[in-house]
Amino acid sequence: MFPAAFEYLCPTSTDEALAALAEHGSDARILAGGQSLIPAMRFRLARPSVLVDINRIESLAYVNETGDELRLGAGTRDHALEFLPSMQSGHYPMLADVCAVVADPVVRQMGTVVGSLCHNDPAGDWPVAALAGNASIVVRGKDGERVVPIGDFLVDSYTTAVADGEMAVEVRFPKPGARTAGAYLKIERKVGDFATAAAAARVTLAEDGTVSSASVALGAAGPCGFRVAEAERALTGAKPSSASIAAAADAARNAADPRADTRGTVAFKKQMAGVLVERALRKAFARLGLEDIR
Amino acid sequence: MKVSISVNGTAYEREVEPRVLLAYFLREDLGLTGTHVGCDTSSCGCCVVVMDGTTAVKSCTMFAVMADGHEIMTIEGMKQNGKLHPMQQAFSDQHGLQCGYCTPGMMATAIAFLKTNPNPSEAEIRDALSGNMCRCTGYNNIVKAVQQAAAELSAPAPEPVAAS
């Protein structure tokens, strides 16, 4: 089915895009890669009357590696990030995990990271990794910009903190410091399907080998991705052990609140949330040289 | 809205409604029915075309207006100087197709992929094609075809023969 008719605007600068958003308010949607929005419009799940296409705003397609952050513009495609030299050489292992499994390789040539965050699909990959990675989003309006922590940015299914007249222009991922590593895993029926279950974990070790901080996030387990504070508490302050990993996995299983669908029952999806948290934690610890934690 | 899109080397200027998907623009406005529509929801890869030489795009999930000013290559434009493109020849040689429905998308994906990775491993080829579904031939011969095309396309050009 074709989408309902809409007015198409094609600005070449961010200011022009913001002016269009200010004029059209809640009727307008940003069109970036379109890989989620266009199918949603075809199914009439989304019916914007104005599309503001940002694909011709060249200044939004960039990857900047500053001192301690990796910054991606709203026009940066998954494919560009996936083949970034520092991504390929292992500087961002958790983000590299995500890059390899978002939709499929062709979809990744158009799809954007910031677009995925703004779409905030309950089963989206980037929101989960952004939560575990403590990302923040730069949201710009006509009166200036604000930096929103990812936990505040993701409000509910398909809903973010971006207000009418504003747009998300950049995502910032803190670079993993020394003794920090993460991992992202998901289960999908086939390449490109929505995740049956998804989990991201990131851990930092203190010099004495104890876990000084941990973040654990789930996807496809509620209205949108979320962090599991109890799983993080189970890991923090102790040396990594099978017991602490199992406690984190239990907490994730309990916190998961998935919906039954053709991908599985609620019980199965909760079980998989726990399994993926355990696997993601073991993968993250292995990346820090801790294999076979007992 | 008026668009100017280069398709297979020919510039087309057309008036299109913004909601028209690129796949339907190619098939219905330009009559280029070699681009197939399978699932129509970006899951199957039948509709993949090459944009600007190196980017594979699912044309059912892109508005034609987004292609304004860009170069598109479809299956109809792969032939070079009256000869099959090495990718087309390889699919023929390796029996990489049966019903042929997925083939234009497979080839478009593979051609764009080899532009960025001219000497891929078998695993890399399988990964690159993982967004393209085939329901009859199966994937082994398709992978062999891409391997054959990769070998041919990355081979050094033959030495020019000196005029005697």
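What percentage of the 164 residues of chain B count as buried? In this predicted model, the share of buried residues in chain B is 45%.

**Chain B as a whole**

Chain B contains five helices and five strands. Their order along the sequence is β-β-α-β-β-β-α-α-α-α. The C-alpha trace of chain B spans about 50 × 45 × 25 Å along its principal axes. A compact globule of 164 residues would have a radius of gyration near 15 Å, and the 16 Å of chain B agrees with this. Among the contacts of chain B between residues at least 6 apart in sequence, 62% join residues at least 24 apart.

**Two domains in chain B**

Chain B is divided into domain 1, residues 2-77, and domain 2, residues 86-154. The centres of these two domains, taken over C-alpha atoms, are separated by 20 Å. Their contact takes 17 residues from domain 1 of chain B and 15 residues from domain 2 of chain B. On the domain 1 side, β3 (48-51) and β4 of chain B are the elements that give two or more residues. The largest share of that side, three residues, comes from β3(B).

The table sorts one side of each by residue type.

| Chain A, touching chain B | 12 residues | five residues | two residues |

**Contact between the chains**

How many residues of chain A are in contact with chain B? There are 19 such residues in chain A, and they meet 22 residues of chain B. Two elements of chain A, α2 (37-42) and α6 (107-110), each supply at least two residues to the chain A side. Of the elements on that side, α6(A) gives the most, with three residues.

**A buried alanine in chain B**

B:A64 is placed in the loop between β4 (55-58) and β5 (71-73) of chain B. Why does B:A64 count as buried? A residue is buried if 20 or more other C-beta atoms lie within 10 Å of its own, and B:A64 is buried because 25 other C-beta atoms lie within 10 Å. Leaving out residues up to four places away in sequence, B:A64 touches B:V3, B:V16, B:V20, B:L21, B:L22 and B:F25. B:V16 is 48 residues from B:A64 in sequence, yet the two are 7.6 Å apart in space, C-alpha to C-alpha.

**Helix α2 of chain B**

Helix α2 of chain B covers residues 86-93, and its buried residues are B:P86, B:M87, B:Q88, B:A90 and B:F91. The buried residues of α2(B) pack against α3 (103-116) and α5 (140-154) of chain B. After α2(B) comes B:H95, which has a positive phi, near 55°.

**A sheet in chain A**

Strands of a sheet pair through backbone hydrogen bonds, either parallel or antiparallel. In chain A, four strands form an open, antiparallel sheet in the order β11-β12-β13-β14. Its edge strands are β11 (180-187) and β14 (226-227) of chain A, each of which pairs on one side only. Eight bridges join β11(A) to β12 (residues 197-205) of chain A. A:A181 has A:V203 in β12(A) as its bridge partner.

Two helices lie on this sheet. Helix α8 (residues 125-132) of chain A lies across β11, β12, β13 (211-219) and β14 of chain A, and runs at about 165° to β13(A). Helix α12 (residues 266-287) of chain A packs on the sheet and touches β11, β12 and β13 of chain A, with its direction at about 35° to that of β12(A).

Note on methods:
Residues numbered from 1 in each chain as written. Chains lettered and ligands numbered in written order. Predicted model: local features only at pLDDT ≥ 70, side-chain atom pairs only at ≥ 80, totals over all residues. Rg over C-alpha atoms; globule rule 2.2 N^0.38 Å. Buried ≥ 20, exposed ≤ 12 C-beta atoms within 10 Å, placed from the backbone. Contact = placed C-beta atoms within 7 Å. Nonpolar A, V, L, I, M, F, W, Y, C, P; charged D, E, K, R; others polar. Pairing = 2+ DSSP bridges. Axes fitted to C-alpha atoms, helices over the stretch in contact; angles between N-to-C directions. Domains from an automatic or database assignment.
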